[in-house]
Amino acid sequence: MAAEAKLSHTAAMILHAIHAGSIYGFSVMEKTGLPSGTVYPALRRLERDSLIRSEWEKQSVADKELRPPRKYYHLTRAGHVTLEASQRRYPLLAKLFASPEKEHV
Amino acid sequence: MSLSYTPFSLVSGTLLRSASLLVPSGQRSSWLQEWRSELWYVNRSSLTENIPFFTREHQAATFCLGAFHDAWYLRCERKALIARTVRTSRSALRTTAALFVLAVLSFVAAFLVPRVRSVLRPSPYRDTRNLVLISPQGTMDREAPLMRMRYLRFWRDRATHMFSEIAFYGPIVKQVRTASHHTPELHIARVSSNLFPMLGIQSSSPVATSELPILLVSPATWQRQFHDESVTPGTAIKIGIRKAIFGGILPDGQWQLPGSFDAWLIESGSDTSAIPDTARGYILAHRISSEENEKLGGRWNMAAPEPDGDLGNYECISLSSMESTPVRIYLFTIFLALLALPATTSIPLGEYPLGSEHISWALRLRRWMFLGIKFSLLLPSIYFGSLDLAYSFSVSTSGAQYIQIVTSFLMALFSFRWALKDQRRRCPVCLSTLTNPARVGEPSRSFLGWNGTELICTDGHGLLHVPELPTSWFATQRWLYLDSSWSSVFISSV
């Protein structure tokens, strides 16, 4: 995906949220306040454009904690470049979302 | 906390399951797993916040409603991906283009041949439903001039309850002599003076009220015989030993009654006494428009007294029925061809896995549309092509109708057969023609084993298995979709 790709405000928000450490769908919803019907399709689009990638948590890890495995999302290299470009376009978003903090499950 | 503490409610579970039906089947299980996992965390979050039950359920249901957006997005994405990657093959486009050209050519040829053009044109005559041709029973198809002038004279005053007017025309062959002593021999229709007014043909001849008979010629005869002559409307000419007046040219398409003529000799006067009783020809009558007469339809038989005292059986057919004969022949032969089709080829197109994720509904529809387009282009080609052949090579109308029956039937049968066979030999995904046939199995060595021919789509969409001998477990050809693991084998696979 081209680094110059112009993201919508919603997509940029989600990208920031993932960068800020909300790495699965529900946490992105909590962080951004967006409804599920917006967040999940946006995640698919970002993944289709190779700005994020997804991976399933290992079953053994989830079983150990008696919960279902999660699908995690991470920024790709192209995602980072696009994020920087979107920070210039939407400067308030960078302030809204704090610096990256890995969420501990 | 475990899953057992927060089971999915019936509402949430049903919503997710319903939404999953929109997701392409290949992604469905993974999608459902993610949403169920997410729902688990939504429920856990509600439990830890001690939210009342109904509010908790409402939150979960609201969350699950978003699944429909997500599922719909994935569905649209899948369709767009398929549309981007699966293009209609060139061979299918070429076939469609060839059929289109064939249909256009047969249509153009139909309008270039004057006789076919006159068949396709609407009748120039007025009230064709009530204009009826009368001929002895069983002779209508022969188109021979079997009626005599004396019948007309006998019936004219006796059939007034059914016919308002009766006209006659009969063929004669005479030499026409002009002032320059040029004497061509012409096939002339000697017509009673009321024929053209009855048909609704307005004579533009300046000599319409002449006491002498008037000769009208066809444009072709004018070109062939008279264009070098100083013959103008009103010029006196001799037909055999009789004097007549040259009346002009009858335009092409104005004569659509049985018989082919070079010229028409309109007898003067209403008594038509110049036409002898024994003259053979055709009788045309105008049926009185009444409820009782309408019930007779376009073709009926009647018994009528004859001048010699006998009762003769006659067949009456309206000009509108004669006009629609080519269309009725066409529809009948199409019906016959459809009946005969199963005897020449198998009708089923084969077995194609219905639940396959490799082919969307849009692609399935495209395949059926391709078959539909082939048939819809073949049908007009058959109609115009059969008319072209029938009316270009036959002089008589009945001969042309026989040729049309044969050609239309054969063309329909073989073209439908080709359309089905062609469809069976195409990839259901990209519609390209399957290639690389390979013989598989040996019937002598494997009694219950499969043997036949395998064909492959060069774009890697699948394999076609055609059994050598249809059996109860393998009766028709079977398509096998190839999954994405085969993509590396093909250069331009999906």
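**Exercises on chains A and B**

In this predicted model, 15 residues of chain A are in contact with 18 residues of chain B, contact being counted when two C-beta atoms, placed from the backbone, lie within 7 Å. Local features need pLDDT of at least 70 and side-chain atom pairs count only at pLDDT 80 or more, whereas totals for chains, interfaces and linings use all residues. Residues are numbered from 1 along each chain as its sequence is written, and chains are lettered from A in the order in which they are written.

**Exercise 1.** Determine which elements of chain A give two or more residues to the side that touches chain B.

*Solution.* Take helices as DSSP runs of H or I with at least four residues, numbered from the N terminus. The elements are then helix H2 (25-32) and helix H3 (36-48) of chain A. Of these, H3(A) supplies the largest share, six residues.

**Exercise 2.** Work out how H1(A) and H2(A) are oriented to each other.

*Solution.* Begin with the axes, which are lines fitted to C-alpha atoms over the stretch in contact, with angles from 0 to 180 degrees between N-to-C directions. Helix H1 (residues 9-19) of chain A packs against H2(A) at about 110 degrees, the axes being 10 Å apart. The two helices are therefore roughly perpendicular, the class that covers 65 to 115 degrees. Finally, list the residues that meet: Met13(A), Ile14(A), Ala17(A) and Ile18(A) in H1(A) touch Val28(A), Lys31(A) and Thr32(A) in H2(A).

Definitions and conventions:
Angles under 35 degrees count as roughly parallel, over 145 as roughly antiparallel, 65 to 115 as roughly perpendicular and the rest as oblique.
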